[in-house]
Amino acid sequence: METLAGRGAVCVGGGSGVGRGIARGLAAAGARVLVADIEEANAARVCDEIVAAGGAGAAAGVDATDPDALADLARTAAGTLGAVHVLVHTVGVIADTPLAAATEVEWGWFLELHLLSAVRTVNAFLPELRRHPGDAHVVVTASMAGLLALPPAYTGGVNTGLYSVAKHALVGYGEMLRGELADEGIGVSVLCPGRVSSNLAATSARNRPDRFGGAFAGPPDGSEPPGAMPNEAVGPIVVRGILGDRAFILTHPEARPMVERRQQALLADFAYFAEASGPSGPT
Ligand SMILES: NC(=O)c1ccc[n+]([C@@H]2O[C@H](COP(=O)([O-])OP(=O)(O)OC[C@H]3O[C@@H](n4cnc5c(N)ncnc54)[C@H](O)[C@@H]3O)[C@@H](O)[C@H]2O)c1
């Protein structure tokens, strides 16, 4: 894709945090943006911000775990925007549960909200995106946690296992989808941010579906710890990633040494087994 000017873009999960920053960034680059979120009032607020900044926006409510609601959204988007060239998915949840203590229900919650909601969103929009070969792009939102495996000692004591496993799955989904859709002229990027200003703990708690235990008392909006990248800064980086058709969109260069250490550990295991090849004892 050579430009976002005049393109139609949909940001699912765009009512807050990373999605808000991306929706605003896409609009600033000239796209008409439909902001969709389970919290429709927040989607409308982000749309108002876009319009106030001189951009073109619309808002809609959607539950990104519901295929019927997503099919409706795809129809609405095609009507409202005229065409959908860019699809961004930024829905996710967070909780502090050790893997060994996680219940089947918690696993279901995480895999549904991270992986399956992305899969269902992409599936709902693929017919629209396929109308624009060479001019269509998908962004799914993983995390640095999808490229690393950090124990609680590295995360301020928080157990991010469920989150990290779900994000690794999204990295795999995005990379595989990129390979599958390349011949159709649809680009796919996996966004892997470090810490970004958002309300993830709060929105995770109040939007947990009934089938996974329902809403519970979480922290208020705006209570995420300080020191994060402002979500407005993510938008222009994502725009650059789409226009450059990058496999990964990386917002936090300071995370690179950790990724390098993980790759080096993998290579060290290759070296270990290469040295151990030859007679390997009784078979
Ligand atoms: N904030 C960070 O530091 C950070 C870092 C890396 C990756 N991420 C990822 O970015 C994505 C966005 O998270 P965020 O941190 O901006 O949090 P956020 O809570 O600010 O934004 C998530 C949005 O998703 C919406 N949402 C929740 N369930 C939904 C559903 N079923 N259907 C539609 N919308 C739904 C929420 O209402 C909210 O507006 C997540 O996938 C998260 O894992 C965040």
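Strand β6 (residues 186-192) is a mostly covered element, with 7 of its 7 residues buried. Here a residue is buried if 20 or more other C-beta atoms lie within 10 Å of its own, exposed if 12 or fewer, and partly exposed in between, with C-beta atoms placed from the backbone. Strands (E, at least two residues) and helices (H or I, at least four) are DSSP runs, numbered from the N terminus. Please keep in mind that this is a predicted model: local features need pLDDT of at least 70, side-chain atom pairs count only at pLDDT 80 or more, and totals for chains, interfaces and linings use all residues. Residues are numbered from 1 along each chain as its sequence is written.

Let us look at both faces of β6. Ile 186, Val 188, Val 190 and Cys 192 point one way, Gly 187, Ser 189 and Leu 191 point the other way, and all are buried.

Next come the strand neighbours. Two strands pair if DSSP finds at least two bridges between them. The pairings are listed here.

| Strands | Sense | Bridges |
|---|---|---|
| β1 (residues 8-12) and β4 | parallel | 4 bridges |
| β4 and β5 | parallel | 4 bridges |
| β5 (residues 136-141) and β6 | parallel | 6 bridges |
| β6 and β7 (residues 248-250) | parallel | 3 bridges |

Ala 9 has Val 86 in β4 as its bridge partner, and Val 86 in turn is partnered by His 137 in β5. His 137 then has Gly 187 as its bridge partner in β6. Further on, Cys 192 stands opposite Leu 250 in β7.

How does the chain get from one strand to another? From β5 the chain crosses through helix α5 (residues 161-181) to β6, in a right-handed β-α-β crossover. A right-handed β-α-β unit is also made by β4, helix α4 (residues 104-129) and β5. Right-handed means that, with the strands pointing away from the viewer, the path from the first strand over the helix to the second runs clockwise.

Now to the ligand. Around the ligand there are 28 residues, of which Ser 16, Gly 17, Gly 92, Ser 198 and Thr 203 come nearest; a residue is near if its C-beta atom, placed from the backbone, lies within 6 Å. The shell divides into 9 nonpolar, 15 polar and 4 charged residues. Helices α1 (17-28) and α6 (200-206) each supply at least two shell residues, and α1 gives the most, with 3 residues.

Helix α6 also holds Arg 206. Arg 206 counts as partly exposed because it has 15 C-beta neighbours inside 10 Å. Leaving out residues up to four places away in sequence, Arg 206 touches Ala 215 and Gly 218, where contact means C-beta atoms within 7 Å. Arg 206 and Pro 220, 14 residues apart in sequence, are 10.0 Å apart from C-alpha to C-alpha.

Finally, the whole protein. The protein has 8 helices and 7 strands. Buried residues make up 43% of its 283 residues. Among contacts with a separation of 6 or more, 72% join residues 24 or more positions apart.

Definitions and conventions: Contact = placed C-beta atoms within 7 Å. Nonpolar A, V, L, I, M, F, W, Y, C, P; charged D, E, K, R; others polar.
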